Amino acid sequence: MHEVRRRLTTFIVIVQLLLFLLHGFVYWTWLSFFGAPDPLASVSAKTVLTLLSISFLIASLLAFRYSHAPVRVFYTIAAVWLGMLNFFFCAACLCWVTYALTAPFGVHIERRSIALALFGFAVCVNAYAVVNARWTRVRRISVKLANLPDSWRGRVGALVSDMHLGHVRGRGFTQRIVKMLNRLRPDIVFITGDLFDGAAVDLDRVTQPWTKLTTPLGAYFVEGNHEEFSDSRKYLDAVRKYGIRVLNNEKTSVDGVDLIGVPYHTIVRPAEFQYALREAAIDRNRPSILLAHAPDQIKIAEEAGISLQLSGHTHRGQFFPWTLITLRIYGKVVYGLSRFGNLWVYTTSGAGTWGPPARLGAPPEIVLIHFDS
């Protein structure tokens, strides 16, 4: 316990230091390009920025203990600001890049104009990203699996991941997703983790709308890393209570197709993952679908004879520049449909958001999977 607390404290200190540095860089860039304000305005600006720089960390700590309205409002405001800071940082970098590219050639652009244009553009981009994050798209893909039973030909599965129910998105978001699914009328629903954000939340309130889901073959869930921030049993109990089947290192057969579900802590540990797949006794002559939160250990899944792996976790980066960072980390499995030998892998960008409720270049989605023989 002492070691866990020490690591958590170290992490908090590093994150807060980074936030101070980012705010300081943005403020210094603004002063360099726009000019210093009068003393009173300078003190006010520094005070506001200091409060903003600590807002998200304080809001996050409160969010893990309390779920009442003031905390939800505070967390949402802090999260929106964190996204704004991201785009302000990009704007600040572009200010210096613009200056560096124009100054050597004698091109004169007033510094104030550069700052106003780029920081103003950042505000517009953040506003669009926040609105965009609330517009859930429907993506359709087709997958051909070998030895698919006749009963599955033409069937449609819906993939939902990373809803992150908590302080920013709650019961209303669940209701909207369930209504969308009922309109789309899939035969089966796959939920690949991070259904919950991991913070304090009224589990019954945000989960109960799933009872309205109508699918012939039911809904199946595996836990993600956010369910594992604390004791995951409370989340799994809530999911089961409202009619969703939890697959926890186990296999079940649905009309001739095997479904295997592994939690996040299994998929990220190769030895545990291999053991779980061995215990599942996968029949290579039957089509199989693996539900795993993260698109990890692809080689192990392919060697075990899995036909299709469905994952989320990456959010496709959510917004720039994290879209490039996640692409660097996960490569071609960061998003979309990929093939590795006999294994198909689909990684969804997810339906919700973590941290800033913003998306740019990585729209939220529900995926409809059309099964062909």
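**Figure 1. Thr252 and its contacts.** Leave out the neighbours within four places in sequence, and Thr252 is in contact with Tyr220, Arg245, Leu247, Val257, Asp258 and Leu259 (contact means heavy atoms within 4.5 Å). Thr252 sits in strand β6, residues 250–254. Helices (H or I, at least four residues) and strands (E, at least two) are DSSP runs, numbered from the N terminus. Thr252 counts as buried because its relative accessibility is 14%; buried means under 20% relative accessible area, exposed over 50%, and partly exposed in between, with a 1.4 Å probe and protein chains only. Thr10 is 242 residues away from Thr252 in sequence and 42 Å away in space, C-alpha to C-alpha. A word on what you're looking at: this is a predicted model, where local features need pLDDT of at least 70 and side-chain atom pairs count only at pLDDT 80 or more, while totals for chains, interfaces and linings use all residues. Residues are numbered from 1 along each chain as its sequence is written, and side-chain values use heavy atoms, with hydrogens and water left out.

**Figure 2. The whole protein, for orientation.** Step back and you'll find 11 helices and 12 strands. The C-alpha trace spans about 75 × 50 × 45 Å along its principal axes. A compact globule of 373 residues would have a radius of gyration near 21 Å, and the protein agrees with that at 23 Å; the radius is taken over C-alpha atoms, and the globule rule is 2.2 Å times the number of residues to the power 0.38. Buried residues make up 50% of the 373. Take the contacts with a separation of 6 or more: 75% of them join residues 24 or more positions apart.

**Figure 3. The largest nonpolar core.** A nonpolar core is a set of buried Ala, Val, Leu, Ile, Met, Phe, Trp, Tyr and Cys residues joined through side-chain atoms within 4.5 Å. The largest one here has 30 residues, and those touching the most other members are Met163, Ile177, Leu181, Leu195, Phe196, Trp210 and Phe221. Elements giving two or more residues to this core include β2 (156–160), α5 (171–184), β3 (188–191) and β12 (365–372). Helix α5 provides the largest share, 5 residues.

**Figure 4. Thr174 in helix α5.** Thr174 lies in helix α5. Its relative accessibility is 0%, so Thr174 counts as buried. Setting aside residues up to four places away in sequence, Thr174 touches Met163, Leu165, Val206, Pro209 and Trp210.

**Figure 5. Gln16 in helix α1.** Gln16 belongs to helix α1, which covers residues 2–34. Is Gln16 buried or exposed? With 11% relative accessibility, Gln16 counts as buried. Beyond its neighbours within four places in sequence, Gln16 is in contact with Ser53, Ile54 and Leu57.

**Figure 6. Gly243 in a loop.** Look between α7 and β5 (245–246), and you'll find Gly243 in the loop there. Gly243 is exposed, because its relative accessible area is 63%. Gly243 and Leu40 are 203 residues apart in sequence and 59 Å apart in space, C-alpha to C-alpha.

Figure 7. Most residues other than glycine have a negative phi, and most peptide bonds are trans. Here, the peptide bond from Phe320 to Pro321 is cis, with omega near 5°. Pro321 is in the loop between β9 (308–311) and α11 (322–330). Gln318 is also found in the loop between β9 and α11, and its phi is near 70°, a positive value in a residue other than glycine. Gln318 is buried, with a relative accessible area of 5%. Asp194, in the loop between β3 and α6, has a positive phi too, near 50°. Asp194 is buried, with a relative accessible area of 1%.
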